[in-house]
Amino acid sequence: MFIDWDSSQEWSERYQQLLLNALNHDFRERNFSRDFYDKLRLRNLTLAQLRSTLSHSESYIARYSYDDGNRVGIWNPKSYLFIAWKPRFQQSPSRFMTAFKKANGIDYMQSFPPFREIRGPKP
């Protein structure tokens, strides 16, 4: 999947669906960072909680930048669960990097510019 992460164009339904498909594929295949399970255990989080956040229509999805590149953040305003996913870049595969509770995931992502909303909550 090729997405122009730096484009200012709004994300079409098609690109949103491609992204959701990639997220779901990586989750099913357990494409996780090396210490992902350790982070979940330390934070008392389960894969079921993550699956719920990924599939919930009220979860907010945005793009932000982190030290080593682009990230996609998925944050649910009811559970406060935040999940960070790193898209594929050159030879590096896409994978989930971390998950944690965050009272305001939008503020968190905005603190790592450039920030770009992909999908707002859909009640």
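The model is predicted, so local features need pLDDT of at least 70 and side-chain atom pairs count only at pLDDT 80 or more, while totals for chains, interfaces and linings use all residues. Residues are numbered from 1 along each chain as its sequence is written, and side-chain values use heavy atoms, with hydrogens and water left out.

**Overall fold**
- The chain contains four helices and five strands, taken as DSSP runs numbered from the N terminus (helices: H or I, at least four residues; strands: E, at least two).
- Along the sequence these elements follow the order α-α-α-β-β-β-β-α-β.
- Of the 123 residues, 43% are buried, where buried means under 20% relative accessible area with a 1.4 Å probe, protein chains only.
- Among contacts with a separation of 6 or more, 55% join residues 24 or more positions apart; a contact means heavy atoms within 4.5 Å.
- The accessible surface is about 7,300 Å², and carbon and sulfur atoms hold 49% of that area, by the Shrake-Rupley method with a 1.4 Å probe.

**Strand 3 and its partners**
- Strand 3 (residues 81-86) is largely enclosed by the rest of the structure, because six of its six residues are buried.
- Leu 81, Ile 83 and Trp 85 point one way from strand 3, whereas Phe 82, Ala 84 and Lys 86 point the other way.
- Strand 3 pairs with strand 2 (residues 69-75) in the antiparallel sense over four bridges; pairing requires that DSSP finds at least two bridges between two strands.
- Within this pairing, Trp 75 stands opposite Phe 82.
- Five residues lie between the strands of this hairpin, in which Tyr 80 takes a positive phi near 65°.
- Strand 3 also pairs with strand 4 (residues 95-101), in the antiparallel sense over six bridges, and Trp 85 stands opposite Phe 96 there.

**The second largest pocket**
- The second largest pocket holds about 210 Å³ of space. A pocket is an open set of points on a 1 Å grid over the protein atoms alone, where a 1.4 Å probe fits, with protein on both sides within 12 Å along at least five of seven lines; lining residues have an atom within 4 Å of a point.
- Its lining comprises 13 residues, and Lys 39, Tyr 66, Arg 71, Met 97 and Thr 98 are the closest to the centre.
- Strand 1 (60-66), strand 3 and strand 4 each give two or more residues to this lining, with strand 4 giving the most, at three.

Note on methods: Buried means under 20% relative accessible area, exposed over 50%, partly exposed in between (1.4 Å probe, protein chains only). Grid points are joined across faces, edges and corners, and a volume is the space filled by probe spheres set on the points.
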